[in-house]
Amino acid sequence: MGMAAKNGGAGRSRSTARPVADIAASILEPVIARRAGMTLDLVSAWPDIVGEPWGEFTMPEKINWPRRASHDDPFQPATLIVACDGARAVLFQHVLGECVERVNVFFGFAAVARIKIVQKPVQVRKAPARRELPHLGRQDQDRLNAIIEKIDNDELRQSLEKLGRGVFGNRKRS
């Protein structure tokens, strides 16, 4: 069977390249779910869930689900084990209630009843580098200026200009 027959006769080559993150997630997701009772989604969204500055020096490690004797037992929420730098653990203790609420909002139900802190070093995550805004051509810059010139609020106008530069700068030219 020729290459054209394999590809539906279109003569196109099929791309088999996949992002490394997808491959790693497909391998790690079942292991993390089985051993830690949680998903990669929780780990990757953790800084957004708990907010600043807590996301910088804490990391979820495990979810301990209570054992149920039978299917008739009512659901009981879990305990989330969170690693935290030793010196900051005392400060983090004061926001545990809010963090429990945020985690439950993330899950969409009351999955976690409490957070248990384990003091240990947590690798500090660096914020992703911000891309420089693209430079616009004269026509796009004039169009953007016409759109935002009527905005009175300076902060809103600056935000809309950044958004517009991103949109106009990332458009594909035909």
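Predicted model: local features only at pLDDT ≥ 70, side-chain atom pairs only at ≥ 80, totals over all residues.
Colleague: Which residue in β2 stands opposite Pro 60?

Modeller: Val 82 in β2 is opposite Pro 60. Another pair there is Lys 62, whose bridge partner in β2 is Ile 81.

Colleague: And how do β2 and β3 run, parallel or antiparallel?

Modeller: β2 and β3 run parallel, and seven bridges join them. Ala 78, for instance, is opposite Val 112 in β3.

Colleague: What does the whole sheet look like, then?

Modeller: It is an open sheet of three strands in the order β1-β2-β3, with mixed pairing. Neighbouring strands of the sheet are turned against each other by 30° on average, direction ignored.

Colleague: Why is one side of β1 and of β3 left without a neighbour in the sheet?

Modeller: β1 (58-64) and β3 (112-119) are at the edges and each has a single partner strand, so one side of each has no neighbour in the sheet.

Colleague: What about β2, how many of its residues are buried?

Modeller: Seven of the seven, so β2 is largely enclosed by the rest of the structure. In a regular strand the side chains alternate between the two faces of the sheet. In β2 both faces are covered: Ala 78, Leu 80, Val 82 and Cys 84 are buried on one side, and Thr 79, Ile 81 and Ala 83 on the other.

Colleague: Which helices lie across the strands?

Modeller: α3 lies across β1 and β2 and runs at about 120° to β1. α6 lies across β1, β2 and β3, at about 120° to β3.

Colleague: At what angle do α3 and α6 cross?

Modeller: The axes of helix α3 (residues 40-50) and α6 come within 10 Å and cross at roughly 130°. That angle makes the two helices oblique to each other. α3 passes α6 in a right-handed crossing.

Colleague: Which residues meet there?

Modeller: From α3 they are Asp 41, Leu 42, Ala 45, Trp 46, Ile 49 and Val 50, which meet Cys 99, Arg 102, Val 103, Phe 106 and Phe 107 in α6. The residues of this contact divide into nine nonpolar, two charged and no polar.

Colleague: Changing topic to Asn 104: where is it found, and is it buried or exposed?

Modeller: Asn 104 is in helix α6 (residues 96-107). Its relative accessible area is 15%, and the cut-off for buried is under 20%, so Asn 104 counts as buried.

Colleague: What does Asn 104 touch?

Modeller: Not counting residues up to four places away in sequence, Asn 104 touches Phe 109, Ala 110, Ala 111 and Val 112.

Colleague: Last one, the whole chain. How many helices and strands does it have?

Modeller: Eight helices and three strands. Along the sequence the pattern is α-α-α-α-β-β-α-α-β-α-α. The chain has 174 residues, and buried ones make up 26% of them. Of the contacts with a separation of 6 or more, 58% are between residues 24 or more positions apart.

Conventions: Residues numbered from 1 in each chain as written. Heavy atoms only, no water. Helix = DSSP H or I, 4+ residues; strand = E, 2+ residues; numbered from the N terminus. Buried < 20%, exposed > 50% of the residue type's maximum accessible area, 1.4 Å probe, protein only. Contact = heavy atoms within 4.5 Å. Axes fitted to C-alpha atoms, helices over the stretch in contact; angles between N-to-C directions. Parallel < 35°, antiparallel > 145°, perpendicular 65-115°, else oblique. Left-handed = near helix turned anticlockwise from the far one by under 90°. Nonpolar A, V, L, I, M, F, W, Y, C, P; charged D, E, K, R; others polar. Pairing = 2+ DSSP bridges.
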